[in-house]
Amino acid sequence: MLIGLIEHDAKTALLSHIEEINRSKSSAWGLAVIKRKYLRRIDNDAFVLMIKPILQDCSAARVFCIEDSDIYIVWLGMQKRVHHDLCELVSRRLLRGNVTLDAGSIVIYFDPQIMGNEISTLLRDEESAREPDAPKRMTASAQISGSDRALSLATLPLPADFLKPSPAQLAAYARALAGKTRRKQLEILVVEDQLLLLRLMQEVLRGNYIVDTAAGMQEAWKLYLEKAPDIAFLDIGLMDGNGHVLANAIKRLDPDACVVMVTASNTSEELKIARANQVDGFVVKPYSRQQISSCIDKYMNSGKATAGKEGHA
Amino acid sequence: MNLPVDLAVLRQVTEGDIALESELFKVFLNSAKECIGALRLHCRSGNQEEWRRHAHAFKSISYGIGALRLADLCRQAQEGFQNPALNKYQYLAGIEAEFTEVELQLKSL
């Protein structure tokens, strides 16, 4: 086990570590953020001593203690076990007296390869929020602050009228949902209006999955209701609308749906809307095969997957 | 100086499949020319939303192919969608110059 505690300039060190992980293309890394405001006062060294046994089987682990902010732990291997043990430890020994949240809301797990960009943006946002004269980059709709996961529903783009399913569409969707368990392969919907990017995504998914494609929001919504795909990869900037609106409509229809946003715009505003829509992933272009596979792996391991277990490597 | 197209980006997906790369280059060059045509049109028409949309589309495909400098120029054009026509012509000139470099590199492969 190699464990390092980084206090000085921890934010920069963490960002460069995430970059390193992305370059390594290894999906075995895990990253957890521990929300320090819910923890009792504890010295950073003492904290590391407490978590050391949990990380003892990992071949590399680092703890980034960011001043006046959260603690980030990055480790190699056994993501689920380590996250589970961290939650246990935090809930049993480290919580402040008045905290009633469950440990999963305090120790938040990320796949650094999928969520690295989001974390980087959030860290930079945190930085600018601390500067009193920092320019306000958000629009009024996205400025609402509050708990880490909760944006007001009012900030979400509302589904356009044509995204209200008709009774016949709902019936077709119910039938498709019922048929999901009989699928031998995962069915994936790719929504992308640029032929080049659509072709790239088809290439990434070739052979292993049933892939449906749509070039616009209306076509995608029709196809979604007809097929009830296992995963939907949605481009945000579509020619006939906004992928966030489609994501929102899908999540309203089925909160368990697996929706991954794919975009060339990783602004904090986009990330906040995606987060408020509770989508399952956020992939920034240009992406690699590895990033798309990690999203699919995450879905397969989420307990939501009913199809494709045999075919999925 | 770095090449206009970082082929390593595209190869994260193509894994060196030459036939596929050649197909993707053709698709890219066609789409890029359409985007440039649309940007030129909306520079004149003053339709800000159409300018923003096409700059965004161009940015996306440029990232896809690994033309990172071109993607950055398109990003600037997208963000400057509310600027006056003169600025837009400047964005467009930069984009067209970089696209020429990209095209040269892709055609030399």
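Leu195(A), Leu196(A), Arg199(A), Leu200(A) and Glu203(A) of helix H7(A) are in contact (heavy atoms within 4.5 Å) with Leu20(B), Glu23(B), Leu24(B), Val27(B) and Phe28(B) of H2(B). By class, this contact comprises seven nonpolar, no polar and three charged residues. The model is predicted, with local features requiring pLDDT of at least 70 and side-chain atom pairs pLDDT 80 or more, while totals for chains, interfaces and linings use all residues. Residues are numbered from 1 along each chain as its sequence is written, chains are lettered from A in the order in which they are written, and side-chain values use heavy atoms, leaving out hydrogens and water.

H7 (residues 195-205) of chain A packs on H2 (residues 18-45) of chain B at an angle of about 160°, their axes lying 9 Å apart. H7(A) is therefore roughly antiparallel to H2(B), a term for angles over 145 degrees.

Chain B and chain A bury about 1,900 Å² between them (accessible area lost, 1.4 Å probe, summed over both), with 66% of it on carbon and sulfur atoms. Of the area that chain B buries against chain A, Gln12(B), Val13(B) and Arg53(B) supply 28%, more than any other three residues.

| Side of the contact | Residues |
|---|---|
| Chain B | 21 residues |
| Chain A | 18 residues |

Two salt bridges (Lys or Arg side-chain nitrogen within 4 Å of an Asp or Glu carboxyl oxygen) cross the interface of chain B and chain A; Glu15(B) forms a salt bridge with Arg289(A), the closest N and O atoms being 3.3 Å apart. On the side of chain B that touches chain A, helix H1 (7-14), H2 and helix H3 (48-65) of chain B each give two or more residues, and H3(B) provides the largest share, 10 residues.

Technical notes:
Axes are lines fitted to C-alpha atoms, for helices over the stretch in contact, and angles run from 0 to 180 degrees between N-to-C directions. Helices (H or I, at least four residues) and strands (E, at least two) are DSSP runs, numbered from the N terminus. Angles under 35 degrees count as roughly parallel, over 145 as roughly antiparallel, 65 to 115 as roughly perpendicular and the rest as oblique. Ala, Val, Leu, Ile, Met, Phe, Trp, Tyr, Cys and Pro count as nonpolar, Asp, Glu, Lys and Arg as charged, and the others, Gly among them, as polar. Buried area is the accessible area (1.4 Å probe) that two parts lose on being put together, summed over both.
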